[in-house]
Amino acid sequence: MNDLNKRQGEAVRHLDGPLWVLAGAGSGKTRVITAKIAHLIDNAGLAARHITAVTFTNKAAREMKARVGRLLGPESGRGLTVSTFHTLGLNILRRELNAAGLRRGFSIFDEQDVEQLLRELSKKNEADKETLRRARWQISTWKNDLIDPDTALNAVDDDFDAFYAALYGAYQRALRVYNAVDFDDLILLPVTLLRDDPALRERWQNRIRYLLVDEYQDTNGAQYELVKLLVGVRGALTVVGDDDQSIYA
């Protein structure tokens with residue numbers, strides 16, 4: 001705490017409800033998160049295993065965990081989760097295999113796997129490379145908007161959208177046959193599970209009793225929904241960000 005300025009200290013000590021820290025580059029936003037994790041463990045009595053911090057790259061997650069380790073020491077931070085959104089979603093799926101309709105050892109399709117599968121599924125339509133590229137983009141957009149194949153099909157306006165929606169449905173069924181998910185499913189499926197299964201949602205809210213999010217300006221709608229479902233009515237949440245640094249806006 002002695003190394004923090006007044007406003008940083010206020011952010012670290014604030015535990016009465018959700019907190020949004022909006023500040024510019026180089027102002028110590030990530031420092032607030034690492035100090036707050038230490039404060040939660042050392043002063044608020046929260047076990048490290050009940051704290052999850054999320055950022056946007058694996059490198060940033062490793063650096064954040066190392067910084068917390070230097071503040072706390074290895075034993076105090078044991079069980080702390082610091083990861084990307086997609087790794088957090090992957091961990092949820094691994095623990096909730098049956099609910100997610102997956103089997104142990106499921107695969108994660110990369111872009112090449114996705115393109116190959118879409119190509120195979122659309123052979124009868126003789127879709128060209130650009131159409132498949134557009135289909136992959138559209139399916140990803142639907143998933144990030146939390147739209148399932150049936151909803152997409154019911155909302156189509158033209159033959160192109162109808163083709164993409166039908167391909168989306170076939171693609172999701174094929175993924176299940178292959179016991180696989182794609183990158184977007186790592187957010188979509190956990191959100192669906194948490195939203196539709198109250199017991200599962202309560203279990204994860206009890207597991208994650210405080211959530212911290214770095215680079216919050218870059219969260220999309222699906223990631224925001226994941227945060228909201230994990231936090232619940234408790235509101236044990238701190239997010240930090242800078243809207244001037246938004247890379248997706």
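Which backbone nitrogen does a side-chain oxygen of N5 reach at the start of helix 1? The atom in question is the backbone nitrogen of R7, and the side-chain oxygen of N5 comes to within 3.1 Å of it. The structure is a predicted model, in which local features need pLDDT of at least 70 and side-chain atom pairs count only at pLDDT 80 or more, while totals for chains, interfaces and linings use all residues. Residues are numbered from 1 along each chain as its sequence is written, and side-chain values use heavy atoms, with hydrogens and water left out.

The chain as a whole provides the setting. Its secondary structure comes to twelve helices and seven strands; helices (H or I, at least four residues) and strands (E, at least two) are DSSP runs, numbered from the N terminus. Taken along the principal axes, the C-alpha atoms fill a box of roughly 65 × 40 × 30 Å. Of the 249 residues, 47% count as buried, where buried means under 20% relative accessible area, exposed over 50%, and partly exposed in between (1.4 Å probe, protein chains only). The accessible surface comes to about 13600 Å², and carbon and sulfur atoms hold 48% of it; such areas come from the Shrake-Rupley method with a 1.4 Å probe, and for residues only the protein chains shown count as cover. Among contacts (heavy atoms within 4.5 Å) with a separation of 6 or more, 76% join residues 24 or more positions apart.

Helix 1 spans residues 6–13, and Q8, G9, A11 and V12 in it are buried. Seen down the helix axis, these buried residues fall within an arc of 160°, so they line one face of helix 1; the arc is that of the directions from the helix axis to the C-beta atoms. An α-helix has 3.6 residues a turn, so residues three or four places apart point the same way. The face turned away from the buried side of helix 1 carries the exposed residues K6 and R7. The buried residues of helix 1 pack against strand 1 (19–22) and helix 2.

Helix 2 (residues 29–42) includes R31, which counts as partly exposed because its relative accessibility is 35%. Not counting residues up to four places away in sequence, R31 touches D3, L4, Q8 and R67. R31 and R67 are 36 residues apart in sequence, and their C-alpha atoms are 8.7 Å apart in space. The side chain of R31 also reaches the backbone oxygen of D3 at 3.2 Å. This is a polar contact, that is, a pair of N or O atoms within 3.5 Å; within protein, one must be able to donate a hydrogen and the other to accept it, and residues adjacent in sequence count only if both atoms are side-chain atoms.

The strands come next. Strand 1 has a covered face, formed by L19 and V21, and an uncovered one, formed by W20 and L22. Four bridges join strand 1 to strand 7, and the two run parallel; strands pair if DSSP finds at least two bridges between them. V21 has V240 as its bridge partner in strand 7. In strand 2 (residues 51–55), five of the five residues are buried: I51, A53 and T55 point one way, whereas T52 and V54 point the other way. Strand 2 runs parallel to strand 6, to which four bridges join it, and four bridges also join strand 2 to strand 3 (residues 81–84), again in parallel. A53 stands opposite L212 in strand 6 and opposite V82 in strand 3.

How is the nonpolar interior arranged? In soluble globular proteins, nonpolar side chains tend to be buried together. A nonpolar core is a set of buried Ala, Val, Leu, Ile, Met, Phe, Trp, Tyr and Cys residues joined through side-chain atoms within 4.5 Å. The largest such core has 31 residues, of which L93, L211, V213, L226 and L230 touch the most other members. Elements that give two or more residues to this core include helix 4 (85–95), helix 11, strand 6 (210–213) and helix 12 (221–231). Apart from this core lies another, of 26 residues, with A11, I37, I41 and A53 among them.

L230 leads on to Q205: leaving aside neighbours within four places in sequence, the contacts of L230 include L88, W204, Q205 and L211. Q205 is found in helix 11 (residues 198–207) and counts as buried because its relative accessibility is 17%. A polar atom of the Q205 side chain lies 2.7 Å from the backbone oxygen of L229.
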